[in-house]
Amino acid sequence: MSFTYINNLDNSAGEKAYSKLTPKIGVTYQIDQEKGLYANYAQGFSPTALTAIFRAKPNTSPAQFYYNLEPATFQNYELGGWATFFNHKVYADIAIYQMDGKNELLSIRQPDNSTDYQSAGKTFASWN
């Protein structure tokens, strides 16, 4: 994703470009006709939203903007398996999943009760 901008609020102009190779790899092993296992790994990438970049920072005069925000990146891990029962009438799938994120953008309430965008640093989410 890339764009060229002219910001009439602070008379600035420039270019912003985001790119990232985001591989995904997975393996599946079928134990027999009724059961199997799988594992996946993937990287994710989310560029900063345009509305965040061109939002003025609170309490700055002259107005300052978020031109240098980094895109969020993610590492995703998943392990799982499946099985079928009762002549393929019941199907079950179970998985353990974890996603670790970096540079996720959050709107954080400031001491003066305004909000400001800040990178969350590292985050993680899991579901099992």
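Predicted model: local features only at pLDDT ≥ 70, side-chain atom pairs only at ≥ 80, totals over all residues.
**Entry 1: the overall fold**

Residues are numbered from 1 along each chain as its sequence is written, and side-chain values use heavy atoms, with hydrogens and water left out.

**Entry 2: the chain in totals**

I looked up burial next: of the 128 residues in the chain, 23% are buried. Buried means under 20% relative accessible area, exposed over 50%, and partly exposed in between (1.4 Å probe, protein chains only). The chain exposes about 9200 Å², and 55% of that comes from carbon and sulfur atoms. These areas come from the Shrake-Rupley method with a 1.4 Å probe; for residues, only the protein chains shown count as cover.

I also checked contacts, meaning heavy atoms within 4.5 Å. Among contacts with a separation of 6 or more, 50% join residues 24 or more positions apart.

**Entry 3: a nonpolar patch**

Which residues make a nonpolar surface patch of about 310 Å²? I found Tyr29, Ile31 and Leu37. Patches take residues with over 30% relative accessible area and no salt bridge, joining like charges within 9 Å and nonpolar side chains (Val, Leu, Ile, Met, Phe, Trp, Tyr) within 5 Å. Tyr29 sits in strand 3 (residues 24–32), and it counts as exposed because its relative accessibility is 54%.

**Entry 4: the salt bridge**

My search of the whole structure turned up one salt bridge, that is, a side-chain nitrogen of Lys or Arg within 4 Å of a carboxyl oxygen of Asp or Glu. The partners are Asp32 and Lys35, at 2.8 Å from N to O. Side chains of opposite charge can pair when their charged atoms come close. Asp32 is partly exposed at 31%, and Lys35 is partly exposed at 35%.

**Entry 5: Thr84**

Is Thr84 buried or exposed? I found it buried, with a relative accessible area of 9%. Thr84 belongs to strand 5 (residues 72–85). Beyond its neighbours within four places in sequence, Thr84 is in contact with Gln33, Glu34, Lys89, Val90 and Tyr91. For Val90, I noted that its backbone oxygen lies 3.1 Å from a polar atom of the Thr84 side chain.

How values were computed
Helix = DSSP H or I, 4+ residues; strand = E, 2+ residues; numbered from the N terminus. Polar contact = N/O pair within 3.5 Å; in protein donor to acceptor, adjacent residues only side chain to side chain.
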